[in-house]
Amino acid sequence: MREKTKEFLKKNLIGFLLGIVSACTISVIAATYFPSNDVTYDNTESGLVSTNVQGAIDEIYTECTKEPTASDQIIELLPDNPDELYKDDKGNIRYYGKNPNNYLYFNCTDNNDKTTCELWRIIGVIDGKIKIKRNNKIGNKNWSSNSFSNNWENSDLQIYLNNEYYNSINEPYKGMISEETYYLGGPTESNQNLLTASGYYDVERSNIVYAGNPISIKQYIGLIYPSDYGYATGSSCLSAPLSLYANNNCYNNYLYKKDQEIWLQTPDASANETAALVMKFGYVYYKGAISEDRPVFPTLYLSSEVQITGGDGSKTNPYELSI
């Protein structure tokens, strides 16, 4: 029987291992049938590192028993929450609507006293990592005091967010922040009033920038993109330009702040003295003078090691995090 089992594994190891994984009983089977490492196989297409049966079983067992990350946990909610979560046309998972259950506690002064915590919102799982935004502004600030340079890399706001503000974050939350690439591509005069959320997403990640400006930057803290704002409304907003004043559908999302003109991450690619903002009437605008003070809502990506350990995402019971 043992020799027949070995021969079967040589021919169909992957199918056999997948069957084991479904019950997550690898360790028992391994101890019973495979006490040695003498059976090897070609792992080229398996996605595994090990080339022997015992090692492969141990590898899969480790994978199937590890605690899910916060990203995994949000993705798992998708099928049962179609009114709050959806997969956009770029493959990202996003919360949408007026008030989805995407609240979380962050930057608590005392983890045992939730009244010391800040409320943040989960934008979604973007490029495989959870992206979050502070629910309340940290104040009104200029994008750049140099009114003729919308180079985000050297702007007052970028320097403030990634130095003074970042260093003010309490542990363990500061350790949960992942340094990520933020894109700095922007629309031109010819397409600013034509772009949908999907169009903005592509432009943000393009090399269309004002002369001399970088196309991306690595940073800990940033701002939301125009595309984040558009996708947060869901399908009702996706077919119309975000800069269309009459497009009332795009106002209906949790990122909109009534009567506030909030700064966005994206510089104007046609002029060096302006950047994107959401107007108080709800549309995206690209004539925001960068030297003017406007509300700032910090945005960041969580490290892949972060897990959701409590709460249900509602405003009265926000998610709790650990790492």
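This briefing describes the salt bridges of the structure and one of its sheets. The model is predicted, and a search of the whole structure finds 11 salt bridges.

- E118 and R134 form a salt bridge in which the closest N and O atoms are 3.2 Å apart.
- Because E118 belongs to strand β4 (residues 118-126) and R134 to strand β5 (residues 129-134), the pair ties together parts that are 16 residues apart in sequence.
- Both partners, E118 as well as R134, are buried.

**Pairs that join a buried and a partly exposed residue**

- R205 forms a salt bridge with E204, and the closest N and O atoms of this pair are 3.3 Å apart.
- R205 counts as partly exposed because its relative accessibility is 23%, whereas E204, at 0% relative accessibility, counts as buried.
- R294 forms a salt bridge with E261, where the closest N and O atoms are 3.3 Å apart.
- R294 lies in strand β13 (residues 293-295), while E261 lies in the loop between α7 (226-231) and β10 (262-267), so this pair ties together parts that are 33 residues apart in sequence.
- In this second pair the arginine, R294, counts as buried because its relative accessibility is 10%, which is under the 20% limit for a buried residue, whereas E261, at 23% relative accessibility, counts as partly exposed.

**A network of salt bridges**

- Salt bridges also link D88, R94, K131 and D228 in a network.

- Strands of a sheet pair through backbone hydrogen bonds, and the pairing may be either parallel or antiparallel.
- Between β10 and strand β11 (residues 274-278), which run antiparallel, there are three bridges.
- W263 stands opposite L277, a residue of β11.

Methods:
Residues are numbered from 1 along each chain as its sequence is written. This is a predicted model: local features need pLDDT of at least 70, side-chain atom pairs count only at pLDDT 80 or more; totals for chains, interfaces and linings use all residues. Side-chain values use heavy atoms; hydrogens and water are left out. A salt bridge is a side-chain nitrogen of Lys or Arg within 4 Å of a carboxyl oxygen of Asp or Glu. Helices (H or I, at least four residues) and strands (E, at least two) are DSSP runs, numbered from the N terminus. Buried means under 20% relative accessible area, exposed over 50%, partly exposed in between (1.4 Å probe, protein chains only). Two strands pair if DSSP finds at least two bridges between them.
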